[in-house]
Amino acid sequence: MGFSFDELTKKAKDVASMAADRTKDAAEQVKINVAIAGEQREIEKNYRIIGEWFVNEFEGEIPEAVKETVEAVNTSKAKIAELEASRPVKEEPAVEEEPAPVGKKCPICGAESDSKFCPQCGAPMGEE
């Protein structure tokens with residue numbers, strides 16, 4: 001006994017339906033994972049703000065439990081300042097150039113453009 005065309009079509013539809021459901025589920029999972037990652041970044045940002053506030057507020061009275069961490073942060077800040085100071089200064093010669101003509105001037109608002117219509121007010125650009 002063989003398969004009929006109707007049975008084959010039904011099986012193909014079932015497989016396609018399952019694939020669509022799985023794709024939808026995977027997309028939903030990705031959406032949830034992205035939302036979770038966003039919330040985790042928010043938590044980290046807020047913890048950083050709390051930590052910065054704490055260090056600034058209790059600058060001379062840092063508890064022993066976090067003293068090493070605060071010292072590590074301060075050491076890193078000092079290294080960053082040194083690195084920024086050691087950047088080579090790239091001086092470019094001052095070249096005064098005349099601005100190139102932009103194009104036609106709008107008869108309505110005076111904006112300049114090469115387009116057929118003014119990017120500011122939308123009026124047709126005149127011939128100049």
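Which residues make up the largest nonpolar core of the protein? In this predicted model, that core consists of five residues, namely Cys106, Ala111, Cys118, Ala123 and Met125. In soluble globular proteins, nonpolar side chains tend to be buried together.

Cysteine 106, a member of this core, has contacts beyond its neighbours within four places in sequence: the partners are Ala111, Cys118, Cys121, Ala123 and Met125.

**Overall organisation**

The secondary structure comprises two helices and two strands, which follow the order α-α-β-β along the sequence. Values for the protein as a whole are set out below.

| Property of the protein | Value |
|---|---|
| Share of the 128 residues that count as buried | 6% |
| Share of contacts between residues at least 6 apart in sequence that join residues at least 24 apart | 0% |
| Share of the accessible surface that belongs to carbon and sulfur atoms | 57% |

The accessible surface to which the carbon and sulfur share refers comes to about 11,900 Å².

**Serine 113**

Strand E2 spans residues 112-113 and includes serine 113. Is serine 113 buried or exposed? Serine 113 counts as buried because its relative accessibility is 11%, and the cut-off for a buried residue is under 20%. The side chain of serine 113 also takes part in a polar contact of 2.9 Å with the side chain of serine 115.

Definitions and conventions: Residues are numbered from 1 along each chain as its sequence is written. This is a predicted model: local features need pLDDT of at least 70, side-chain atom pairs count only at pLDDT 80 or more; totals for chains, interfaces and linings use all residues. Side-chain values use heavy atoms; hydrogens and water are left out. Helices (H or I, at least four residues) and strands (E, at least two) are DSSP runs, numbered from the N terminus. Buried means under 20% relative accessible area, exposed over 50%, partly exposed in between (1.4 Å probe, protein chains only). Contact means heavy atoms within 4.5 Å. Accessible areas come from the Shrake-Rupley method with a 1.4 Å probe; for residues, only the protein chains shown count as cover. A polar contact is a pair of N or O atoms within 3.5 Å; within protein, one must be able to donate a hydrogen and the other to accept it, and residues adjacent in sequence count only if both atoms are side-chain atoms. A nonpolar core is a set of buried Ala, Val, Leu, Ile, Met, Phe, Trp, Tyr and Cys residues joined through side-chain atoms within 4.5 Å.
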